[in-house]
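This report is for a reader new to the structure shown below.

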Amino acid sequence: MTTFDHLAYIGLGSNLNHPISQIQQALQALHYLPDTRLLTQSSLYRSTPLGPANQPDYINAVAKLQTRLPPVTLLSHLQAIETQQGRIRTGERWGPRTLDLDILLYDLQQSQDPILTLPHPELQHRNFVIYPLYECDPELILPTGQPLQELIQNTSGEGLERIKNEE
Ligand code: ROI
């Protein structure tokens, strides 16, 4: 890794239109991003929806990337993948979606920019992010200085089930 490279963690989520395939296809797309290497991918997890309960369960995963893309460029590539996989932005808050790709962490950057808040503002509160992130990197220290290990110890795995990637 050179000084031009950065580490980014991406959260993936889907609960529409064959979610497991959506996530697998998105992982492939991450693999082909320019100036980027997909270093690690977590298992896939089935999770009960956070938000309105009258929607299907989600499939979630986390990917660890080494990249030369700046954060906003990475974000626009992620949005292009979402669109390519048929995501339609209805504006419905916390509604079902074919594919959601979030930048969870980008190096140790902290930003309050509403376009791209870093770390992802909900990271600390979502077991479907924390568990797969821990699988990618059990030694991770968050930009706040908190070890991920400490966060996972305080986070229930309720509603979360690790599934086999080949399911
Ligand atoms: N719930 C779960 N379990 N997984 C998600 O990825 C997810 N994403 C969302 C909301 C609607 C908040 N709920 C979720 O955007």
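## A residue in a strand

In which strand does Gln 66 lie? In this predicted model, Gln 66 is part of strand S4.

Is Gln 66 buried or exposed? Its relative accessibility is 10%, so Gln 66 counts as buried, the cut-off being under 20%. The side chain of Gln 66 also makes a polar contact, at 3.3 Å, with the side chain of Asp 5.

## Nonpolar cores

The largest nonpolar core has 26 residues. Those that touch the most other members are Leu 12, Ile 23, Leu 30, Leu 44, Leu 74, Leu 101 and Ile 103. At least two residues of this core come from each of strand S1 (6–14), helix H1 (19–31), strand S4 (58–67), helix H2 (71–84) and strand S5 (100–106). H1 gives the largest share, 5 residues.

There is also a second, separate core of 17 residues. Among its members are Tyr 9, Leu 133, Leu 140 and Leu 142.

## The largest pocket

The volume of the largest pocket is about 1200 Å³. It is lined by 44 residues, of which Arg 87, Arg 97, Asp 100, Asp 102 and His 120 are the closest to its centre. By class, the lining consists of 20 nonpolar, 14 polar and 10 charged residues.

Which element supplies the largest share of this lining? That element is S5, with 5 residues. S1, S4, H2, S5 and helix H3 (127–136) each supply at least two residues of the lining.

Terms used:
Residues numbered from 1 in each chain as written. Predicted model: local features only at pLDDT ≥ 70, side-chain atom pairs only at ≥ 80, totals over all residues. Heavy atoms only, no water. Core = buried A, V, L, I, M, F, W, Y, C linked by side-chain atoms within 4.5 Å. Buried < 20%, exposed > 50% of the residue type's maximum accessible area, 1.4 Å probe, protein only. Helix = DSSP H or I, 4+ residues; strand = E, 2+ residues; numbered from the N terminus. Polar contact = N/O pair within 3.5 Å; in protein donor to acceptor, adjacent residues only side chain to side chain. 1 Å grid on protein atoms, 1.4 Å probe; cavity = no way out; pocket = protein on both sides within 12 Å on 5 of 7 lines; lining within 4 Å. Points joined across faces, edges and corners; volume = space filled by probe spheres on them. Nonpolar A, V, L, I, M, F, W, Y, C, P; charged D, E, K, R; others polar.
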